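Please keep the model in view while reading.

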Amino acid sequence: MRVNAAALLLLAAAGHSAWFIVKWRVEAQGQRPVRLAFWRNTGQIQDEEQALSPFAPWLARTGDALAKQLQSVGHDVLWLSGWSVLVLALVMGSWRFDLPAPAASTQASWVAVGVSLALAISLLIVERHLAFASEADWPEAGALATVARLVILVQVLSIPCFFFADGTRLWPARLTVLIGILPSLLAVEFLVRALFAAFRPQRAEQEPALVARSLMGGMLQWPPSPLAALQGELQQRFGIDLQQVCAFGFMRRALLPVAALVALVGWLLSGVVQVPLEGRGVYE
């Protein structure tokens, strides 16, 4: 369940990162973001407590200075980094291949199967909604859909681990550990993106870019085209169009003939026998 929770935390981190951009758009239009009732009440209580505290002016100045420093880095970058570190800690806490065979399926296991299946179906509906959303209405919907696909994959792969646990099989526990590679890679990708985004200058008049984008999640599409997402990322970030490079076109055309030639040469070399110095290759 730690791996499932880690994947859901990454989806929440991506949504939180997109919320900062939506908040910037709302403030740029001269409006004020509406908070939930819980946060509104919390803010009022804190304001009353600070008004009664004699250290309120000093705390206010310290908080403003700290807020300016954090704003220069970017609140979304810090939050995304924190979520990613938490996910890595969750996955590393269960990264063990010497786990014993899981106990036989009990009522709790069936509940876990039902919860994972319900989450997968619900996230699939959300992912389809985000995938078909117009970029003009919500530019971050496509990036959130790619993260949702990876979370759905984690939920689906974890269902056999609960279903086939009988107390003797070892592969359900090991499969659970291996599934943790997916959220770990996504968390590392978020950390790298957040690290590069921290050195990007923050301008108040310029709309911030979404940091929580997933190249690995973009590869999860049908029909499978794992290089399409990488090619699009290179063209968007660096202006490199791999389709215009003649060398890559030649490599794509020559891939099958070269692979067939290598297989043929390997098969022929498998019939070669090494003869020792004191031996004879031909007996008369």
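## Helix 1 and its cover

In helix 1, the buried residues are V3, N4, A6, A7, L10, A13, A14, S17, A18, F20 and I21. Buried means under 20% relative accessible area, exposed over 50%, and partly exposed in between, with a 1.4 Å probe and protein chains only. Their cover includes helix 4 (75-93), helix 5 (107-131), helix 6, helix 7 and helix 8 (181-198).

This is a predicted model, so local features need pLDDT of at least 70 and side-chain atom pairs count only at pLDDT 80 or more, while totals for chains, interfaces and linings use all residues. Residues are numbered from 1 along each chain as its sequence is written, and side-chain values use heavy atoms, with hydrogens and water left out.

Helix 1 (residues 2-28) has 27 residues. From its first C-alpha to its last, helix 1 reaches 39 Å, close to the 39 Å expected at 1.5 Å a residue. The expected span is 1.5 Å times one less than the number of residues. After helix 1 comes G30, with a positive phi near 85°.

An α-helix has 3.6 residues a turn, so residues three or four places apart point the same way.

## The chain as a whole

The protein chain has 11 helices and zero strands. Helices (H or I, at least four residues) and strands (E, at least two) are DSSP runs, numbered from the N terminus. Of the 284 residues in the protein chain, 26% are buried. Contact means heavy atoms within 4.5 Å. Among contacts between residues at least 6 apart in sequence, 77% join residues at least 24 apart.

## Helix pairs

Axes are lines fitted to C-alpha atoms, for helices over the stretch in contact, and angles run from 0 to 180 degrees between N-to-C directions.

| Pair | Axis angle | Axis distance |
|---|---|---|
| Helix 1 and helix 4 | roughly 175° | within 9 Å |
| Helix 6 and helix 7 | about 165° | 9 Å |
| Helix 7 and helix 8 | roughly 10° | within 5 Å |

Angles under 35 degrees count as roughly parallel, over 145 as roughly antiparallel, 65 to 115 as roughly perpendicular and the rest as oblique.

Helix 1 and helix 4 are therefore roughly antiparallel to each other. On the helix 1 side, the contact uses R2, A6, L9, L10, A13, H16, S17 and F20. These meet H75, D76, W79, L80, W83, L86, V87, L90, V91 and G93 of helix 4. By class, the contact of helix 1 with helix 4 holds 12 nonpolar, four polar and two charged residues. Ala, Val, Leu, Ile, Met, Phe, Trp, Tyr, Cys and Pro count as nonpolar, Asp, Glu, Lys and Arg as charged, and the others, Gly among them, as polar.

Helix 6 (residues 141-163) and helix 7 (residues 171-179) pack at about 165°. That angle makes helix 6 roughly antiparallel to helix 7. Helix 6 gives V154, L157, S158, P160 and C161 to the contact, and helix 7 gives W171, P172, L175, T176 and I179. Eight of the contact residues are nonpolar, two are polar and none is charged.

Helix 7 and helix 8 are roughly parallel to each other. V177, L178 and I179 of helix 7 meet I181, L182 and P183 of helix 8. This contact has six nonpolar residues, no polar and no charged ones.

## Single residues

L10 lies in helix 1. L10 counts as buried because its relative accessibility is 0%. Beyond neighbours within four places in sequence, L10 is in contact with V87, V147, P183, L186, A187 and F190. The C-alpha atoms of L10 and W83 are separated by 6.9 Å, although the two are 73 residues apart along the chain.

S184 is in helix 8. At 15% relative accessibility, S184 is buried. With neighbours within four places left aside, S184 is in contact with L88 and V91.

S214 sits in the loop between helix 8 and helix 9 (215-218). S214 is buried, at a relative accessible area of 8%. Its contacts, leaving aside neighbours within four places in sequence, are T146, V147, L186 and E189.

F132 is in the loop between helix 5 and helix 6. With a relative accessible area of 66%, F132 is exposed. C-alpha to C-alpha, F132 and A145 are 9.4 Å apart, and in sequence 13 residues apart.
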